[in-house]
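Keep the sequence and the model side by side as you read.

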Amino acid sequence: MSEPQILLQAHDVAKHFGGVKALHDVSLTIRRGEIYGLIGPNGAGKTTFFNCLTGLYKNESGHFVFDGVKLTADAPHKAAEVGIARTFQNIRLFGNMTAIENVMVGRHLRTHAGVLGAITRNRATMAEEAAITRRAEELLHYVGIHERAHDHAKNLSYGDQRRLEIARALATEPKLLALDEPAAGMNGTETEALRVLVEGICKDGVTVLLIEHDVKLVMGLCGRVAVLDYGEKICEDVPAVVQKDPRVIEAYLGGSVA
Ligand SMILES: Nc1ncnc2c1ncn2[C@@H]1O[C@H](COP(=O)(O)OP(=O)(O)OP(=O)(O)O)[C@@H](O)[C@H]1O
């Protein structure tokens, strides 16, 4: 039986690429309502973990249990259906669609009008489309880019594109939001605004899994942090403990992780 306070468990998840062990029997547990950080040097396996979790890659062994149910996601849309949404290290928006259209795409996962409804544009379909638009507007407000709603995604600043990706992910009503390096390329002001946004998302009931190279941001935001190094989890604890762990300091080539 699963414990209700646990949202995600990874059990001995392993993934190889040829001779490279990208993930070596990684196990971790994410509790509902927390912001959980996943850090590690370049090539440590963080994105591979996300890709296995969201069905982009198939792990060779091990498994995930999400919300008490063994995950069988073998495609990203299936992960989204069970309540896992993600953003990407390399932003993946529809550049020639407007910001609001990008969010509406995410929202369609949670709506019901079928192909027939879309063709005949019956009353139920029209009402649903109006609701999708309203919700997309709310989400653009929520992430703070509503005034860019009708601009093409490709014309948004880097920071705004990252916010838009978050809005699109939230449109699927996730229980778990997995953010892959959301602060990459952001300046200090944008990073601070992102910190406030992620805290708000968590307060509003969405559990967050955060991959981030900005260690200061991770240590300030996350309740618990796991550290990967060469595909192995070398540490998992509260930030104050992780920062002082000799294996973590060594993994970061002797540099400070404070
Ligand atoms: N599709 C792939 N084909 C071959 N090797 C891959 C593939 N994806 C990842 N790898 C390798 O797996 C290892 C883990 O990569 P991964 O991208 O998961 O690390 P990461 O911790 O996310 O790194 P970064 O912080 O640089 O994004 C690396 O050695 C990488 O080269």
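The report goes from domains to sheets, then to a few residues and the ligand.

## Basis of the model

This is a predicted model, in which local features need pLDDT of at least 70, side-chain atom pairs count only at pLDDT 80 or more, and totals for chains, interfaces and linings use all residues. Residues are numbered from 1 along each chain as its sequence is written.

Helices (H or I, at least four residues) and strands (E, at least two) are DSSP runs, numbered from the N terminus.

## Two domains

The protein chain splits into domain 1 (1-83 + 175-258) and domain 2 (95-173). These bounds come from an automatic or database domain assignment. The C-alpha centres of domain 1 and domain 2 are 27 Å apart.

Where the domains touch, domain 1 gives 8 residues and domain 2 gives 8 residues. Contact here requires C-beta atoms, placed from the backbone, within 7 Å. On the side of domain 1 that touches domain 2, helix H2 (76-82) and helix H7 (188-203) are the elements that give two or more residues. That side holds 5 nonpolar, 1 polar and 2 charged residues. Ala, Val, Leu, Ile, Met, Phe, Trp, Tyr, Cys and Pro count as nonpolar, Asp, Glu, Lys and Arg as charged, and the others, Gly among them, as polar.

## The six-stranded sheet

An open sheet of 6 strands runs in the order S6-S7-S8-S3-S9-S10, with mixed pairing. Strands pair if DSSP finds at least two bridges between them. Strand S6 (84-86) and strand S10 (232-237) are the edge strands, each pairing on one side only. Neighbouring strands of this sheet are turned by 20° against each other on average, direction ignored.

S6 and S7 run parallel, joined by 3 bridges. Alanine 85 stands opposite leucine 177 in S7. Strand S7 (residues 176-180) also runs parallel to strand S8 (residues 207-211), joined by 5 bridges. Alanine 178 faces leucine 209 in S8, and aspartate 180 has isoleucine 211 of S8 as its bridge partner.

H1 lies across strand S3 (35-39), S6, S7, S8 and strand S9 (224-229), running at about 145° to S7. Axes are lines fitted to C-alpha atoms, for helices over the stretch in contact, and angles run from 0 to 180 degrees between N-to-C directions.

## The four-stranded sheet

A second open sheet has 4 strands in the order S2-S1-S4-S5, with antiparallel pairing. Its edge strands are S2 and strand S5 (69-70), each pairing on one side only. Strand S1 (residues 6-17) and strand S4 (residues 61-66) are antiparallel and share 5 bridges. Leucine 8 stands opposite phenylalanine 66 in S4. H1 packs on this sheet too, touching S1, S2 and S4, and its direction makes about 65° with that of S2.

## Buried parts

How many residues of S7 are buried? In S7, 5 of its 5 residues are buried. A residue is buried if 20 or more other C-beta atoms lie within 10 Å of its own, exposed if 12 or fewer, and partly exposed in between; C-beta atoms are placed from the backbone. Leu176, Ala178 and Asp180 point one way from S7, while Leu177 and Leu179 point the other way. In a regular strand the side chains alternate between the two faces of the sheet.Isoleucine 39 belongs to strand S3. Isoleucine 39 is buried, with 27 other C-beta atoms within 10 Å. Leaving aside neighbours within four places in sequence, isoleucine 39 is in contact with Glu212, Val215, Val218, Val225 and Val227. Isoleucine 39 and leucine 210 are 171 residues apart in sequence, yet 8.2 Å apart in space, C-alpha to C-alpha.

Helix H3 (residues 99-107) is largely enclosed by the rest of the structure, because 7 of its 9 residues are buried. Those buried are Ala99, Ile100, Asn102, Val103, Met104, Gly106 and Arg107. Their cover includes helix H5 (123-143) and helix H6 (158-170).

## Around the ligand

The residues around the ligand are Phe17, Val20, Ala22, Gly40, Asn42, Gly43, Ala44, Gly45, Lys46, Thr47, Thr48 and Gln89. A residue counts as near a molecule if its C-beta atom, placed from the backbone, lies within 6 Å of it. This shell divides into 4 nonpolar, 7 polar and 1 charged.

Strand S2 (20-31) and helix H1 (46-53) each supply at least two residues of the shell. H1 gives the most, with 3 residues.

Notes
Contact = placed C-beta atoms within 7 Å.
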